[in-house]
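Here's a quick briefing on the fold you're about to look at.

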Amino acid sequence: MRLKLLPNRRQGTQSATADVGPPGARYVARMPQSLASGARIPYTACPLCALTELRQVRVDSCATHPLYDPRIPAEMRWMQCLGCWHIFTEGYFTPAACEVLFSRTNTNQQVGHDFERQRPVSARIVEKVLPWAQDGAWLDVGCGNGSLLFTAQEYGFSAVGTDLRAGNVETLKKCGIDGLCVDLLSLDAPETFRVISMADVLEHMPFPKAGLAHARTLLKPDGVVFLSMPNLDCIPWKLLDGQKQNPYWGELEHYHNFGRRRLYALLEETGFRPVRYGISERYRVCMEVIAQRM
Ligand SMILES: [Zn+2]
């Protein structure tokens, strides 16, 4: 499957421009010498509902994160919107900071990592989707180790992946799966996909509402999105907080901590109807939600 890109986007520049900025904004990548002038672009309003009344709720450290680089500030400030109660970091990374972050890859994000053990985990995801889609094109956004794409193809879908790490996309192509090193907002393929999976992706996007809205345009009218991310509305999340063991307050690459309630509201705001809730086997205290295009 050949996919087109929107004219103001270019393949291969992704590592530094990953969904950065509001829709339409563009930034020029440059190699960072120092990020002293600020690694984050502050949110001046809630990234979901645009309300400007915000409060700081926590300050945590990402210094022990495996991808931490001393050029990036170790402090993570978490804000809350006083309108929709969404929780998010004080800002999202500049292109220069993204360049630093994306220069390294966690082992478990590399295509082919642990592929035999990942296969049954991915199969259970595909099987959760099957009641709503049995064939057609499946786009996996941020395909990471590629396992979900390998498995979707095995089940008869036509699999396409995007990833922000160029090396991953090259490996994916060598495995025989179409891949693009672009962000979701770059794809120009209206009503193409039966399924778009964004497994542990939305919380990495500076503006997830724009991402979901764009995903909707890429879906066929009867298409579905599969989403997974941590769920702060669940009791295990609060237990981890109580033990001071909750990894997500120091998760360097996350900009958002969603709960089920806010995610469901966001889905409805962007033209989706949630049809299935489940929990994730991939990461701790994560939820999996399937939502149908309305
Ligand atoms: Zn809000």
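Helices (H or I, at least four residues) and strands (E, at least two) are taken here as DSSP runs, numbered from the N terminus. On that count the protein chain has eight helices and 15 strands. Keep in mind that this is a predicted model, where local features need pLDDT of at least 70, side-chain atom pairs count only at pLDDT 80 or more, and totals for chains, interfaces and linings use all residues. Residues are numbered from 1 along each chain as its sequence is written.

**Overall numbers**

- Of the 294 residues in the protein chain, 44% are buried; a residue is buried if 20 or more other C-beta atoms lie within 10 Å of its own, exposed if 12 or fewer, and partly exposed in between, with C-beta atoms placed from the backbone.
- Two residues are in contact if their C-beta atoms, placed from the backbone, lie within 7 Å.
- Among contacts in the protein chain with a separation of 6 or more, 71% link residues 24 or more positions apart.

**Cores**

- A nonpolar core is a set of buried Ala, Val, Leu, Ile, Met, Phe, Trp, Tyr and Cys residues joined through C-beta atoms within 7 Å.
- The largest such core has 60 residues, and Val-195, Ile-196, Met-198, Val-225 and Phe-226 have the most contacts inside it.
- Strand β12 (residues 219-230) gives this core its largest share, six residues.
- This core lies between domain 1 (14-102) and domain 2 (107-293), because both give residues to it; the domain bounds come from an automatic or database domain assignment.
- Ile-196 touches Leu-139, Val-141, Ala-215, Leu-218, Leu-219 and Val-225, leaving out residues up to four places away in sequence.
- Another core, of 13 residues, lies apart from the largest one and includes Ile-72, Phe-88, Tyr-92 and Phe-93.

**The seven-stranded sheet**

- Two strands pair if DSSP finds at least two bridges between them.
- Seven strands make an open sheet with mixed pairing, in the order β9-β8-β7-β11-β12-β15-β14.
- At the edges are β9 (178-180) and β14 (272-279), each pairing on one side only.
- On average, neighbouring strands of this sheet are turned by 20 degrees against each other, direction ignored.
- Between β12 and strand β15 (residues 286-293) there are seven bridges in the antiparallel sense, and Leu-227 stands opposite Val-289 in β15.
- Helix α8 (residues 260-269) packs on the sheet and touches β14 and β15, its direction making about 155 degrees with that of β14; axes are lines fitted to C-alpha atoms, for helices over the stretch in contact, and angles run from 0 to 180 degrees between N-to-C directions.
- Helix α4 (residues 147-154) lies across β7 (137-141), β8 (158-162) and β11 (193-199), and runs at about 165 degrees to β8.

- Gln-118, Ser-122, Ile-125, Val-126 and Val-129 are the buried residues of α3, and their cover includes α4, β11, β12 and β15.
- Ala-152 touches Val-126, Trp-138, Phe-157 and Ala-159, not counting residues up to four places away in sequence.
- C-alpha to C-alpha, Ala-152 and Ser-122 are 8.1 Å apart in space, and 30 residues apart in sequence.

- Four strands form an open, antiparallel sheet in the order β3-β4-β5-β13, with β3 (54-61) and β13 (256-257) as the edge strands.
- Strand β4 (residues 75-81) and strand β5 (residues 87-89) pair over three bridges, and Gln-80 stands opposite Ile-87 in β5.
- Pro-42 sits in strand β2 (residues 40-42) and is exposed, with 11 other C-beta atoms within 10 Å.
- Beyond its neighbours within four places in sequence, Pro-42 is in contact with Glu-90 and Gly-91.

**Positive phi outside glycine**

- Lys-244 has a positive phi of about 55 degrees, in the loop between α7 (235-242) and β13, and counts as exposed with 7 C-beta neighbours inside 10 Å.
- Val-285 has a positive phi of about 40 degrees, in the loop between β14 and β15, and is buried, with 20 other C-beta atoms within 10 Å.
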